[in-house]
Amino acid sequence: MSAPTPAVPWRALAADPATVERYEAKVYRGPGPTPCHWWLGAISDSGHGKLRAGSRPAGTSRVVSAHVLGFAIDQGAAALQTSTIVRHRCDEASCQNPEHWLIGDRLQNILDFQARRGLTGHPLADVRGAAGRAVAVRDAILAAAPGQEPAAIAAALAAGHPSGDRQDTLW
């Protein structure tokens, strides 16, 4: 049996200048087809950004979800309660725009997903899944020529909906 995982020291991570700098360096805040701020680092199988935060010598080193760290930096770690999660209003798992985050619980997040996953052209209906969508957008931004990022983002988003913005007829 393994030892319980210690609680994430959000307050220390959000206050650590090196961690904040690493986080900020991985966020793309350019103009684009959506007001999302895109994560350019590692991406989990759920499509969320991941980042090694903290310091090994200080004992605060953890791999954390980027949007939760961003929320702690923006809103303060005290806003993170034990039973809460940071949800995305935009349903883009890799989004780092603080205006798109809200606190909720797991049930609210599940109900949001169930209500919106089948909407034509919606992020949750992307045929690649959340991780595939996040990786496609990240890779498109990183490969784009300077100034061409908005077009690259738009193409990466559109590629997840091969039928276009409307639902194909069944007959």
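The protein chain exposes about 9,600 Å², of which carbon and sulfur atoms supply 57% (Shrake-Rupley method, 1.4 Å probe). This is a predicted model, in which local features need pLDDT of at least 70 and side-chain atom pairs count only at pLDDT 80 or more, while totals for chains, interfaces and linings use all residues. Residues are numbered from 1 along each chain as its sequence is written, and side-chain values use heavy atoms, with hydrogens and water left out.

**Fold**
- Six helices and seven strands make up the secondary structure of the protein chain (DSSP runs: H or I of at least four residues for helices, E of at least two for strands, numbered from the N terminus).
- Starting at the N terminus, the order is α-α-β-β-β-β-β-α-β-β-α-α-α.

**Dimensions and packing**
- The C-alpha trace spans about 60 × 40 × 30 Å along its principal axes.
- In the protein chain, 39% of the 171 residues are buried (under 20% relative accessible area, 1.4 Å probe, protein chains only).
- Of the contacts with a separation of 6 or more, 57% join residues 24 or more positions apart (contact: heavy atoms within 4.5 Å).

**Thr 60**
- Thr 60 sits in the loop between β4 (49–53) and β5 (62–65).
- Thr 60 counts as buried because its relative accessibility is 16%.
- Leaving aside residues up to four places away in sequence, Thr 60 touches Pro 9, Ala 12, Leu 13, Ala 53, Gly 54 and Ser 55.

Note on methods:
Buried < 20%, exposed > 50% of the residue type's maximum accessible area, 1.4 Å probe, protein only.
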